[in-house]
Amino acid sequence: MIRKYIALLKASWSLTMEYRVGTLVWMLSNTLPLIMLAVWLSLAEEGPVGNYAPADFVRYYVIVVIVRQFTTAWVSYELERQIRLGELSPKLLRPLHPIHEHVAIHLADRVFRIGLLLPLVFLVFWFYPEARFSVDVFPAALAVVTTVVAFGVRFLTFSCIGLLSFWTTQSESLSDLYYAAWVMLGGIIAPLDLLPASVMHIGFYLPFRYMLSLPVEIVLGKVTGVALWQGVFMQLGWLLAGFLLFRLLWHWGVRNYSAVGA
Amino acid sequence: MADIDIQNLCKYYRVHQKEPGLAGSIRSFVARRYKDVKAVDDVSFTIARGEVVGFLGPNGAGKTTTLKVLSGLLFPTAGEARVLGFLPHKRGTDFLRQITLVMGQKQQLLWDLPAIETFLVNQAIYEIPATAYRQTLAELNELLDLGPLLKKQVRKLSLGERMKCELAAALLHRPRVLFLDEPTIGLDVTMQTKMRQFIAEYNRRHGATIVLTSHYMADVTALCKRVIIIDHGRLLYDGNLETLAQRLAPYKIVSIVARAPLTRDQLLRYGDVQEVDTFRAQMRVPRGHSSEVIARLLQEIAVDDVTVEEPPIEDIISEIFLAGGVSS
Amino acid sequence: MRYLKLIQIFYKNCLLVDLEYRANFLINSVMSVFWASFAILGIKILFLQRDHIGDWSYYEVLLVIGLFQLFTGVMEGVLRPNVTQIVEQIRLGTMDFLLTKPVSSQFLASMRYVRVWHLVDVAVGVGICGYALYRLQVQVSVWQALLFLLLLCSATVLLYSLWLLMVTTAFWFVRIDNITHLFSAIFDAGRFPVTIYPGWVQGVLLFVIPVGFITTVPAAAALGRLSLGYAVLSFVMAAVMFVASYFFWRFAVRHYSSASS
């Protein structure tokens, strides 16, 4: 298995290099956090919004952008395409689960993105010293771990939506819906503590917070003590749920696929 | 035991029926009608180790569906298929390691990378030991002349070059059973010939079992001793390519060269006249009566030469498909 | 006249095709309402904290959102399907068929397809605009209403020209999905009145990628707060972009015909 992964990662890295311009444009297309930052800054001109002064917003969105690059996933669209065009068929005939190919390409892509992003982040803090902050070792380490898990949750739940293409031709719309809910409840439109309390309460149980916001909250010290562990527990719960659901949908879906035409 | 064994195989699909025109479209928008299509309908055959079998039929006859059932992509509606003793649709690792499916219209190579990258991934996926990999690659290289192609990006290869790499990628793990769906589609004539030679050579060297579908009769006549013909999901013929004509064509071709100029009307009483060209003529004569017709013809017309031939296989097959079945 | 007739035939064909996919109708309607609510919820969150953004009140921002939704519909329904086709045709070389027809190639390439169900977005956008204007109780003079409609037309022309400029680059780059994606991402900035952005961003959104003229300017006109200068500028921008895209297309087609064999 490790051998297979090494080979996959090598090929994926070559592919990532091949698509570097595209990836760069995709990164540039992440304008929404910047638009929202601009809007919040314009609100914060008259005084702090909630607990957020302008520098807090800058800090918040910088970290959101970083975590987002680590956790981004487009696997649902890939699966949708492969299922729709029948590209999945030949892959089913290889003695390796087709999902591993997607995992590998996402991982290779991470390396590339981070390499580009870190210098930019450094520049932001250089030119905007008010946004600098310090963080202890423990929250920092936990943030790294939860970021990795956040990627897992996002990848798995997104895959599940892609797998719905086995039954419906509309999974792309569902992916869009899911994405929109994530934008709203994951912490892009607004830091979650600026949302109404009732929404935050529901958001606690949904997967979206655990795909982006949680690591950001941990780094910024916005979630501590019991709430912190509740968050981590929920995140792990969603990871497990995503995994089980994926297994189930894959099993049913492939069976269905081979019943109606691959 | 046979490598491939299918018994009473059936595969049905449910499709929605379209109606023409705007009114029809709106009607089907509101209420849809469905119909079962029998893609494969009660087909049975067995194929022994090392056989090369041509699978013929017009578009939509059920060839690809059958290949997909055999390779494990589809599970049968009814009946049973066994390949190398496995149930294909379980897609067990041991089964997958021993087969390969090549589709002329679909590709597994990574489009934006050189083919060698896909080869390396396949080496890992099929767990091919390094020595075996090198050996196989060297052999494929020799047979297909891959050398300069491997380092070029797949999207920059011509169709023929891509197909070579596609085949090589599909054969790296030395499968015992090959399913080739239209492997020569879109290739030019020289390339088709090369592909055929390669497939024949691969079969000779490794004794692999090969099932092949193609639109080009030449593929089949060059490679297969045995053909299986299906149409509308039903098995029409399974047997030797050479005896196909005797079994399925209800006529023989009689060509004559006469001493006096011939007219069409004059010949109509002997058979179905295909062409008349002053002294020469060609006609179809019912198989059972051919000797009796020829005897009569020799008595009534002064001829220099008479030949009786089996009709060309291409013609027989296209006629079968036109008629939509065998008239027996 | 012939062109109107052609559009009629093209769009009828597209309607026939779209009727085949009835689930799309439902899904697109749901998606359209969803995206509208999404945009509205987004600004609700902002207005939880303040009762205005910059000098725009809630219903004024809602008007901008309505226009954003409307033009998203135009983009997805009328522009993108053609762009997808053009890119595909350039890639496959079937563009040649189009260039040999005795009709303007730009017209054929850019007006051939419509995705009927996406026009639901337009309807929803109009609905939001209507509601916002109703709640604002603006007294719209005939002159203002006329200016608003004219600005909507110029915004449509502007959007069309921008897309044409983008897709024309496909003659050189072949794959341009990245470019259109980037454009959509920048177009997203049009959800909010451009005046809330920092000065230089405003400049970009008005004169480099003129999104501001598509949503903010018509909205300001309806609210009676648009200076005549910006109105004139809007028409000038639309005209300049349209002419530029026309010549760029012609240039690209000539380049294409001479480069390919």
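Two residues are taken to be in contact if their C-beta atoms, placed from the backbone, lie within 7 Å. The structure is a predicted model, in which local features need pLDDT of at least 70 and side-chain atom pairs count only at pLDDT 80 or more, while totals for chains, interfaces and linings use all residues. Residues are numbered from 1 along each chain as its sequence is written, and chains are lettered from A, with ligands numbered from 1, in the order in which they are written.

In chain C, residues C:N28, C:S29, C:S32, C:V33 and C:A36 of helix 2 meet C:V120, C:D121, C:V124 and C:I128 of helix 6. Helices (H or I, at least four residues) and strands (E, at least two) are DSSP runs, numbered from the N terminus. The contact of helix 2 with helix 6 of chain C has five nonpolar, three polar and one charged residues; Ala, Val, Leu, Ile, Met, Phe, Trp, Tyr, Cys and Pro count as nonpolar, Asp, Glu, Lys and Arg as charged, and the others, Gly among them, as polar. Helix 2 (residues 22-49) and helix 6 (residues 119-136) of chain C pack at an angle of about 35°, with their axes 9 Å apart. Axes are lines fitted to C-alpha atoms, for helices over the stretch in contact, and angles run from 0 to 180 degrees between N-to-C directions. The crossing of these two helices of chain C is right-handed, a crossing being right-handed if the near helix is turned clockwise from the far one by less than a right angle, and left-handed if anticlockwise.

A helix pair was also examined in chain A. The axes of helix 4 (residues 54-71) and helix 8 (residues 137-163) of chain A come within 8 Å and cross at roughly 55°. The two helices of chain A are therefore oblique to each other (angles under 35 degrees count as roughly parallel, over 145 as roughly antiparallel, 65 to 115 as roughly perpendicular and the rest as oblique). Helix 4 of chain A passes helix 8 of chain A in a right-handed crossing. A:V67, A:F70 and A:T71 of helix 4 and A:T147, A:A150, A:F151 and A:R154 of helix 8 make the contact, which by class has four nonpolar, two polar and one charged residues.

Chain B contains an open sheet of six strands in the order 5-6-7-3-8-9, with mixed pairing; two strands pair if DSSP finds at least two bridges between them. Strand 5 (99-103) and strand 9 (234-240) of chain B are the edge strands, each pairing on one side only. The twist averages 15° from one strand to the next. Strand 5 and strand 6 of chain B pair in the parallel sense over five bridges, with B:L101 opposite B:F179 in strand 6. Strand 6 and strand 7 of chain B likewise pair in the parallel sense over five bridges, and B:T209 in strand 7 is the bridge partner of B:V177. Five of the five residues of strand 6 (residues 177-181) of chain B are buried, so this strand is largely enclosed by the rest of the structure. A residue is buried if 20 or more other C-beta atoms lie within 10 Å of its own, exposed if 12 or fewer, and partly exposed in between, with C-beta atoms placed from the backbone.

Between chains, 25 residues of chain A are in contact with 26 residues of chain C. Helix 3 of chain A gives the largest share of the side of chain A that touches chain C, six residues.
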